Structures are given as structure tokens and as C-alpha cells.
Amino acid sequence: MKLIFLGPPGAGKGTQAVKIAQSFQIAHISTGDMLRAEMREGTQLGNEAKSLMERGELVPDDVILGMVKNRIQKEDCKNGFLFDGFPRTIAQAEALEAISAIDYVINLDVPAETLIKRISGRRMCASCGAGYHVSTYAGETCKCGAALYQREDDKEDTVRNRLVVYERSTKPLIEYYTKKGLLHTVNGNADIEQVDAAIRSVFAK
Ligand code: AMP
């Protein structure tokens, strides 16, 4: 199964992606996580992406496409994969079409005021990249023992820019995938288990 999770920052793509990828035994491919790993490792790609990401701007399409093309060749993608945060532009979607078919595009729909609330409470592990939320976890360390931190781009000014960038560059993908008959919109403004059930019901149809 090959899936795309679409939606604005804070829609819950990452949280839901982990659950679906685990239960369908497919690879969870988050381009944001891949870029943060490059940053932690201090690679040239990571250093180039850093300032764009911290400002909430998109990393150039060719950089993202190079990363994705390599990633989907890996062994863990042979059952399929779930893209979380990719594609984010029409150009990325068009390029993806040339390299792989997609079975479903799940569009997580969440109102803007909920997005800001969710993002401001997000915390991440500085070592393994696991995600937490202050509303469900009050600790300061990850399961792996490393410290949690707030992503630079989860701070309020950057979040506002990320939402503007989403509206301008990523939201047009809703129409793009609707026309292709692949889009399924799910209400993401519910608790985690309810959203998970709604996503699974799309595959059962
Ligand atoms: P995310 O973790 O998906 O919210 O992504 C964090 C940041 O990484 C974004 O704000 C962009 O700067 C960059 N990024 C992640 N995925 C993409 C993509 N598909 N295209 C361009 N930039 C991306």
C-alpha cells in the first residue's frame, strides 16, 4: 500500500502515520524527520536546509526529490510506504507521479486555531526524534533518556509563516488529488483514536 498524508502543520500527520505504518508494515517516510536527522548529523544537506526550515520556508523541490527517490529504493519500502509531509508542492506531486503510483491520499482537516494550540505544545527528542505533547506528557526526557526540546520552527512566528506557506504551496494539492480521484478527507479535529478509526475506514471502503 502506498499512501500520502496531506494536511497543514499540526494536523496530526506524524502521530497518525506512525500507527498506520506500523499496522500495515509499510515504511513511514517523513521528509521533515529526514531533514532534521541530516541537521543533527551536520551534513551539507542538513546545514543548507537549516535556515529555510527555521524560517518555516520550504526546502527546494530537487533536494526533497533526491532524498525521496533514494529512500523508496530501501528494503523496508517493498511492502509500500506512507509519505508524511511529502509532496508539499504541485511540482513535487508531478515528479512523484513519474516514480511511483499512489493508492490513497488522506487529507487531515483541522481548523487553524487547533493547529496553533497543538503545535505550541509539541516537544521532540534531541536524540531519536520521537514526538511528544505537553498535554499528554509532562516529563522533560524521552523514553530513550535524551532531553526534549521545542522545535525552532514550532515557535509562534515561524508557525504562522508555515501556515501561510501551507496555504500557498501545499493546499493546492487537495484539488490536484481530488481530480485524480485519490483524495479522502478525514476530520482530524478529534481524539487520536477517533482519527485513526476514520483513516482505517477509508481503506475498508
Ligand atoms: P515537517 O516536519 O513535515 O513539518 O517539516 C518541517 C520543515 O521541513 C518544513 O517546514 C520545511 O521547511 C521542510 N520540509 C519537510 N518536508 C518538505 C517537503 N516535502 N518539501 C519542502 N520542504 C519540506
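1. A residue counts as near a molecule when one of its heavy atoms lies within 4 Å of it. Please keep in mind that this is a predicted model. Around the ligand there are 16 residues, and the closest include T31, R36, E57, G85 and Q92.

2. Which element gives the largest share of this shell? Helix α2 (residues 31-41) does, with four residues. Sorted by class, the shell holds six nonpolar, six charged and four polar residues.

3. A polar backbone atom of E57 sits 2.6 Å from an oxygen atom of the ligand. The side chain of Q92 places an N or O atom 2.9 Å from a ligand nitrogen, and in R162 a side-chain N or O atom is 3.1 Å from a ligand oxygen. On its own the ligand exposes 480 Å², of which the protein buries 96%.

4. Now to the largest nonpolar core, which has 26 residues; F81, F83, I102, V105 and Y177 touch the most other members. Elements giving two or more residues to this core include the strands β1 (2-6), β2 (27-30) and β3 (81-84), along with the helices α3 (44-54), α5 (90-99) and α8 (172-179). Helix α4 supplies the largest share, four residues.

Technical notes: Residues are numbered from 1 along each chain as its sequence is written. This is a predicted model: local features need pLDDT of at least 70, side-chain atom pairs count only at pLDDT 80 or more; totals for chains, interfaces and linings use all residues. Side-chain values use heavy atoms; hydrogens and water are left out. A polar contact is a pair of N or O atoms within 3.5 Å; within protein, one must be able to donate a hydrogen and the other to accept it, and residues adjacent in sequence count only if both atoms are side-chain atoms. Accessible areas come from the Shrake-Rupley method with a 1.4 Å probe; for residues, only the protein chains shown count as cover. Ala, Val, Leu, Ile, Met, Phe, Trp, Tyr, Cys and Pro count as nonpolar, Asp, Glu, Lys and Arg as charged, and the others, Gly among them, as polar. A nonpolar core is a set of buried Ala, Val, Leu, Ile, Met, Phe, Trp, Tyr and Cys residues joined through side-chain atoms within 4.5 Å. Buried means under 20% relative accessible area, exposed over 50%, partly exposed in between (1.4 Å probe, protein chains only).
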